[in-house]
Amino acid sequence: MAVARENAHPEGRSSSPFWTIARRDSLAGFLFIAPQLIGIIVFVLIPLGLVFWYSLHEWNVLANTFTYTGAQNYRMLMEDESLLDVLGATAIFSAGLVIFNLSLALLLAVLLNQKLAGIAIFRTLFFSPVVVSLVAWTIVWGFLLQKNGGINGMLLTFGIEGPNWLREETTAMISVIVVQVFKNVGLNMILFLAALQGVPKELYEAARIDGAPAFKQFRRITLPLISPTILLTSIITIVGSLQVFAQIAVLTQGGPGLSTTVLVYYLYQQAFQFHFFGYGSTLSILLFAIVAILTFAQWQMRKRIVFYES
Amino acid sequence: MRADISPRAKVVLYGVMCVLLIPFVFPTWWMVTSSMKPISDIFAFPPQLVPQSYDWTTYSKVFELQPFVRQYWNSAYIAAVVTVGTMIISSMAGYAFARIRFPYANAIFMIVLLGLLIPSEVTIVPLFQMFLKAGMVNTHWPLILVPIFGAPSVFATFVMRQFFVTLPAELEEAARVDGLGRFKIFTRIALPLAKPALASVAIFTFLHSWNLFLEPIVFLSSAEMFTLPQALTQYTDAYGGPMWNIQLAAATLTALPVLIVFIIAQKQFVEGLAHTGLKG
């Protein structure tokens, strides 16, 4: 990736021969990026080194001991039976979230791309949960999903007795996914809408003259042309799904059982509720590895499934 | 997509969209209306879509049970400082990566992009220890410094870089001929042109800070230091169960101002986010 452009002039205008424009530009470049670079070193890279270092230690906060134990935390990771449930919940949550989010976002974008009067109002309303405070949104959904809450109240007026959504394993998982999707699907919807509007209209006209049905047009023209956006949104959404914490903490506290305990929530519990900082660090390394592998894998897939013009 | 839609198709489309809107719009309506109902009515059956009687004492309890004004101020000023700070840091870095030739620029850009791979959740344990050693636990510094300088700002830098790359080189060359230095070219020529990109950086940075939840509950321990998301969850009764009407009133007070600003400025909001060089 070429970062800098060719814009330094070879001949310096300055009176001092040392401070050529190229040298002054180098200095300016370093000064401009210094705050960000130092920030990344102090708040990202050093902590990443530390989290790996901590993960090799047993750390008892109450007794104030910090002992090197090598790979012991990693062996604990392999033998931790709860962790299997946690990874399972994380996988179901992330997969469910990404599939539901991307398909709904695409459906809404296709609807909003129609030439209809007042379409901008619909766009605004579909987008509005994005700007509603996350915890406020989660609290009102928690309220709606109570046993005697609004959703079951509506169902009961039609004679249907609803489940106790947040207290049963399957419905609890569905609930946290759905709450999260409606909160943020507007972002992906807007990105898809921009991509759809970039598809040349002539292509559809040509396809219509050839008699291609609407579904085929969508599959053969729309999907390939917006595939870069699909890839980008799926990376953002997957990485984002691995960071979901507030919704779980407010709605289910990881329950019932471990059914909605995703990795971030488990990490938080181990480190900050049970004060196992060493093991919490090992879980952080695991989270980092998952994020890195998923991002890398999707980036590789780009070559096979993403269509680029040119 | 197609120019001509039959009237019948239009009715179907409007119908589908109205049904799809329910889960997007109804929760906000339910939050606002339920917060006005007396406690006896909020779980009433059949559900009252419009309140049948009003109880405004709930709203005064929001302020009695917690230092809510203080907490509101905490969230607002932290979000403001983080937003302005991120705009400065990321526009400078984004500009340099896009337009200035300096040694190791590519390598440094790759290092900065690592921040996208390492969300703050991964480093929360060492960050807590670092701020503990610095005596900054139960202060707002972690909520200000980490977003401005750490991983969350990397995305902003990326967006700014993608924007500055598209500026024509002639603009800067003309400024050079006029004798402007780098810093002046940046502040007088590049930045004014970058308003749309800066606006979208401002929007998502503000929302990110406003919604932070894990960081406040890890770093803050006293009620007068809390931010809004954390405070909302603290309206609980003696058994730890939520006091629904008070939570909903506090949630309404938290959500409505931002929602109103959004509805007024929604064009800039939505279009700004769509045109951030994010189109892949």
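A nonpolar core is taken here as a set of buried Ala, Val, Leu, Ile, Met, Phe, Trp, Tyr and Cys residues joined through C-beta atoms within 7 Å. In this predicted model, the largest such core holds 158 residues. The members that touch the most others are Ala136(A), Val140(A), Phe245(A), Val264(A) and Leu287(A). As for who supplies it, helix α7 of chain A (residues 169-197) gives the most, with 15 residues.

Leaving aside residues up to four places away in sequence, Ala136(A) touches Met31(B), Leu232(B), Ala251(B), Thr254(B) and Ala255(B).

Zooming out to the contact between the two chains, 87 residues of chain A meet 88 residues of chain B. On the chain A side, helix α1 (residues 21-55) puts in the largest share, 20 residues.

Over in chain B, Met87(B) sits in helix α3 (residues 68-99). Met87(B) has 22 C-beta neighbours inside 10 Å and the cut-off for buried is 20 or more, so Met87(B) counts as buried. Once residues up to four places away in sequence are set aside, Met87(B) touches Leu198(B), Val201(B) and Ala202(B). Then there is Ser153(B), 66 residues from Met87(B) along the chain, with 8.8 Å separating the two C-alpha atoms.

Key: Residues numbered from 1 in each chain as written. Chains lettered and ligands numbered in written order. Predicted model: local features only at pLDDT ≥ 70, side-chain atom pairs only at ≥ 80, totals over all residues. Buried ≥ 20, exposed ≤ 12 C-beta atoms within 10 Å, placed from the backbone. Helix = DSSP H or I, 4+ residues; strand = E, 2+ residues; numbered from the N terminus. Contact = placed C-beta atoms within 7 Å.
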